[in-house]
Amino acid sequence: MFVDEVEVHVVAGNGGNGCLAFRREKYVPKGGPSGGDGGQGGSIFVVASPHTNTLINYRFHPEFTAERGQHGMGSNRTGHNGKDLDLAVPIGTLVYEHTDEAGAPWQLLADLATADRRVLVAKGGHGGRGNARFASSTNRAPRRTEPGGAGEDKRLRLELKLLADIGLVGFPNVGKSTLISRISAARPKIADYPFTTLTPNLGVVRLSDDRSFTVADVPGLIEGAHEGLGLGHQFLRHLERTKALVHLVDVSGASGRDPAHDLDIVRKELAHFRPDLSAKPQIVAANKVDAVDDWSRVTSLEQRANQLKLPFFRISGATGEGIAALLEAMWQTLSAELAPPLRAAND
Ligand SMILES: Nc1nc2c(ncn2[C@@H]2O[C@H](COP(=O)(O)OP(=O)(O)OP(=O)(O)O)[C@@H](O)[C@H]2O)c(=O)[nH]1
Ligand SMILES: [Mg+2]
C-alpha cells in the first residue's frame, strides 16, 4: 500500500513545575528559598529523511507525545528538559496544521522538499520558575512558584507529493508501467487490465553520467478523473511538481478507443484538475507501434499533436523501438525548462 496522506496528532511535552523549597541545614538558620526551575517540555519536529519513502507508519501510529520537562527540585536543582521528538517523513512531504480558520482550516506549515530539513511543529512548554527566582530584598522567603507551560497540541496533515521531473500520463493499460520498467530500474506490476498501477512509481533514467532525471508512472486516468472517477485526482496531484509530462497513447487498437480523442480527454482532465498542469511542456508518444493494425490511428494522433504543437514520437515499450529518441526529447525539454530564458540575456 502506498500511503500519501495521513493525519497525526502531536502533543509537545509540558514544562516541569517550579519547585517550592527552602534551604534547611544545620547551622544555617533561615537558609532562604532553594526551589529550582522546571525543565523545558520536549518539542516535536518533522524531518525530511532520504531513508523513508512512505507515510504508512503514521497511519498505524498517528499519536505522538514528547516527553515532559522534569519538575524543579530543592537545592536549586533545575529539572531535566524533556527529549525532543523527530518524526521522519519522505522528502517531498507537505505539512498542514489544523487551525480555527473558517472555510480553510488546513494551513500549510512547511514544505519539506530537501533532505534533512527539520521543522518545529509543536513547541514544548517552558519550565516554571522555582521559588528561588522570586527572592528579593523585600521578600526573602517567597512561597511563589510557577507551573510549567503546556506543550503545544496540534492536529497535522502530512501529504506526500512525489518529486519527479517527468510524469507519464495516459489512460489505463496504455503501457506506462511497461515503459518505466524499460527506461529505469523501477519494476512496477504490468498486466493486461486497467488500473494495474494503484500507487505511483518513481524511476531514475540515466542517459549518461551527468544526464539523469526522474520519471513518475502514475495510475491511469479516465474521463471524469478530476471529479474522482477511476483512481481520481488523488494521484493527479503527484504531477503538480513535475516539470514536463509525457502523454502515452495506445495506438494498437486494442482499447477500441480513438488515440487522438484519448489525448484530448487526458489533456482536458489535467486542465480541469489544475490549469497550471496543462501549461507544462508536454510530449506525445504513440505507444505499442509494434502492434498497430490500422496506421490511420497513428497519423490522426500525429496530426492532433501537430495542431497542438506538441513533439510527437512513435514508440514501443515492448520492443524498445523509438525509446532512445523519446528519452532525448525528455532530456531536451527538461534542459529547456531549467535553462534561464534566452531573452533574459538580451534584456
Ligand atoms: N504490444 C504491446 N503491448 C504493450 C506495450 N506496452 C505495454 N503493453 C501491454 O499493455 C498492457 C498494459 O501495460 P501496463 O504497462 O501495465 O499499462 P499501464 O499504462 O501501466 O496500465 P495501468 O497501470 O493499468 O494504468 C500489458 O499487457 C503490456 O504487456 C507495447 O509497446 N506493445
Ligand atoms: Mg501501470
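Colleague: Leaving aside neighbours within four places in sequence, which residues is Gly35 in contact with?

Modeller: In this predicted model, Gly35 is in contact with Cys19, Ala21, Met73, Asn76, Gly130, Asn131 and Ala132, once neighbours within four places in sequence are set aside.

Colleague: Where does Gly35 lie?

Modeller: Gly35 lies in a loop, the one between strand S1 (5-11) and strand S2 (44-49).

Colleague: Buried or exposed? I mean Gly35.

Modeller: Gly35 counts as buried, because its relative accessibility is 2% and buried means under 20%.

Colleague: Back to Asn131. How many residues apart along the chain are Gly35 and Asn131?

Modeller: They are 96 residues apart along the chain, and their C-alpha atoms are separated by 5.1 Å.

Colleague: New topic, S1. How many bridges join S1 to S8?

Modeller: Seven bridges join S1 to S8, and the two strands run antiparallel. Within S8, Leu156 stands opposite Val8.

Colleague: What pairs with S8 over five bridges?

Modeller: Strand S5 (residues 93-98) does, also in the antiparallel sense. Leu94 has Glu159 in S8 as its bridge partner.

Colleague: Why is S8 largely enclosed by the rest of the structure?

Modeller: Strand S8 covers residues 153-160, and six of its eight residues are buried, so the rest of the structure largely encloses it.

Colleague: What about S2? In what order do the strands of its sheet come?

Modeller: The order is S4-S2-S7, in an open sheet of three strands with mixed pairing. Strand S4 (85-90) and strand S7 (118-122) are at the edges with a single partner strand each, so one side of each has no neighbour in the sheet. From one strand to the next, the twist averages 30 degrees.

Colleague: Parallel or antiparallel, for S2 and S4?

Modeller: S2 and S4 pair in the parallel sense, over six bridges. Asp86 in S4 stands opposite Phe45.

Colleague: What lies over the face of Phe45?

Modeller: Arg118 does, at 3.7 Å from the ring centre. Another arginine to look at is Arg157, whose charged end sits over the ring of Tyr96, 4.7 Å from its centre.

Colleague: And how many aromatic pairs does the structure hold?

Modeller: Two aromatic pairs.

Colleague: Now the sheet of six strands. What is the order there?

Modeller: The order is S10-S11-S9-S12-S13-S14, in an open sheet with mixed pairing. Strand S10 (201-208) and strand S14 (312-314) are the edge strands, and each pairs on one side only. The twist averages 25 degrees from one strand to the next.

Colleague: How many bridges for S10 and S11?

Modeller: S10 and strand S11 (residues 211-217) pair over seven bridges, in the antiparallel sense. Val204 stands opposite Thr214 in S11.

Colleague: Which strands does H3 touch as it packs on the sheet?

Modeller: Helix H3 (residues 259-273) touches strand S9 (166-169), strand S12 (244-250) and strand S13 (282-287), and its direction makes about 145 degrees with that of S12. Helix H5 (residues 296-307) packs on the sheet too, touching S12, S13 and S14. The direction of H5 makes about 160 degrees with that of S14.

Colleague: Staying with H3, is Asp262 buried or exposed?

Modeller: Asp262 is found in helix H3. It counts as buried, because its relative accessibility is 3%. Beyond its neighbours within four places in sequence, Asp262 is in contact with Phe171, Val249 and Arg257.

Colleague: Last topic, the nonpolar cores. How many residues has the largest?

Modeller: The largest nonpolar core has 39 residues, and Phe213 and Met330 are those with the most contacts inside it. At least two residues of this core come from each of S9, helix H2 (176-183), S11, S12, H3, S13 and helix H6 (323-338).

Colleague: Which gives the most to this core?

Modeller: H6 gives the most, with seven residues.

Colleague: What is Met330 in contact with, leaving aside neighbours within four places in sequence?

Modeller: Met330 is in contact with Ile166, Leu168, Phe213, Val246 and Ile283. Apart from this core lies another, of 22 residues, including Leu55, Val119, Val121 and Ala122.

Methods. Residues are numbered from 1 along each chain as its sequence is written. Chains are lettered from A and ligands numbered from 1 in the order in which they are written. This is a predicted model: local features need pLDDT of at least 70, side-chain atom pairs count only at pLDDT 80 or more; totals for chains, interfaces and linings use all residues. Side-chain values use heavy atoms; hydrogens and water are left out. Helices (H or I, at least four residues) and strands (E, at least two) are DSSP runs, numbered from the N terminus. Buried means under 20% relative accessible area, exposed over 50%, partly exposed in between (1.4 Å probe, protein chains only). Contact means heavy atoms within 4.5 Å. Two strands pair if DSSP finds at least two bridges between them. Axes are lines fitted to C-alpha atoms, for helices over the stretch in contact, and angles run from 0 to 180 degrees between N-to-C directions. Rings of Phe, Tyr and Trp (its six-membered ring) pair if their centres lie within 6.5 Å; planes under 30 degrees apart count as stacked, over 60 as edge-to-face and the rest as tilted. A charge sits over a ring if NZ of Lys or CZ of Arg is within 6 Å of the ring centre and within 35 degrees of the ring normal. A nonpolar core is a set of buried Ala, Val, Leu, Ile, Met, Phe, Trp, Tyr and Cys residues joined through side-chain atoms within 4.5 Å.
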